Amino acid sequence: LILVIGYRHTGIIVKDMEKSLHFYKDILGLQVIQDFSDSSDYINKITGITNADVHMIKLKAEDETVLEILEYRNHPTELIDQEIYNVGASHIALQVRDAWDAYNKLTDNNVRIISEPVLSSEGIAKVFFCFDPNNVRVELVEML
């Protein structure tokens with residue numbers, strides 16, 4: 001029996017929606033497809049939170065994949081230093097047309113970057129990592 005039939009989206013909890021939206025929409029170029037708030041019984045039940053007030057923005061890439069950023073407005077979000085675990089507790093990977101163009105745009109926008117684009121060990125991609133405003137590792141990949 002197959003339970004999973006597809007990939008829906010990735011959700012990232014953010015501390016500052018304005019900074020996060022700027023990063024994902026204005027810098028990376030994702031398109032906003034939904035922008036809404038929810039404080040209903042539904043959101044409280046599925047999150048296990050009482051009196052939740054969640055601002056959600058869904059963004060899509062050119063290939064229709066979806067990224068959701070969520071700000072829990074009345075439940076303070078504390079940033080966790082992911083670097084203490086190892087090379088990152090988790091990350092998201094986004095495909096770009098040109099790794100050097102992406103690198104230069106992120107540098108111009110003062111985004112914290114780990115390295116310049118590097119040829120992958122398999123020789124099939126140029127890859128580099130940066131951090132979003134919430135300290136989430138974002139891998140940018142140009143397939144060759």
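**Exercise 1. Determine whether E64 counts as buried or exposed, and locate it in the chain.**

Step 1. The relative accessibility of E64 is 52%, so E64 counts as exposed. The classes are buried for under 20% relative accessible area, exposed for over 50%, and partly exposed in between, with a 1.4 Å probe and protein chains only.

Step 2. E64 sits in the loop between β3 (54–60) and β4 (66–72). Strands are DSSP runs of E with at least two residues, helices are runs of H or I with at least four residues, and both are numbered from the N terminus.

Step 3. The phi of E64 is positive, about 80°, although E64 is not a glycine. Most residues other than glycine have a negative phi.

The model is predicted: local features need pLDDT of at least 70, side-chain atom pairs count only at pLDDT 80 or more, and totals for chains, interfaces and linings use all residues. Residues are numbered from 1 along each chain as its sequence is written, and side-chain values use heavy atoms, with hydrogens and water left out.

**Exercise 2. List the elements of the protein in order.**

Step 1. The protein has three helices and eight strands.

Step 2. Read from the N terminus, the order is β-α-β-α-β-β-β-α-β-β-β.

**Exercise 3. State the overall extent, burial and contact range of the protein.**

Step 1. The C-alpha trace spans about 50 × 40 × 30 Å along its principal axes.

Step 2. The protein has 144 residues, and 35% of them count as buried.

Step 3. Take the contacts (heavy atoms within 4.5 Å) between residues at least 6 apart in sequence: 52% join residues at least 24 apart.

**Exercise 4. Find the volume and lining of the largest pocket.**

Step 1. A pocket is found on a 1 Å grid over the protein atoms alone, as an open set of points where a 1.4 Å probe fits, with protein on both sides within 12 Å along at least five of seven lines; lining residues have an atom within 4 Å of a point.

Step 2. The volume of the largest pocket is about 780 Å³, taken as the space filled by probe spheres set on the points.

Step 3. Its lining has 27 residues, and L30, A61, L94, Q95 and V96 lie nearest the centre.

Step 4. β3, β4, β5 (91–95) and α3 each give two or more residues to this lining.
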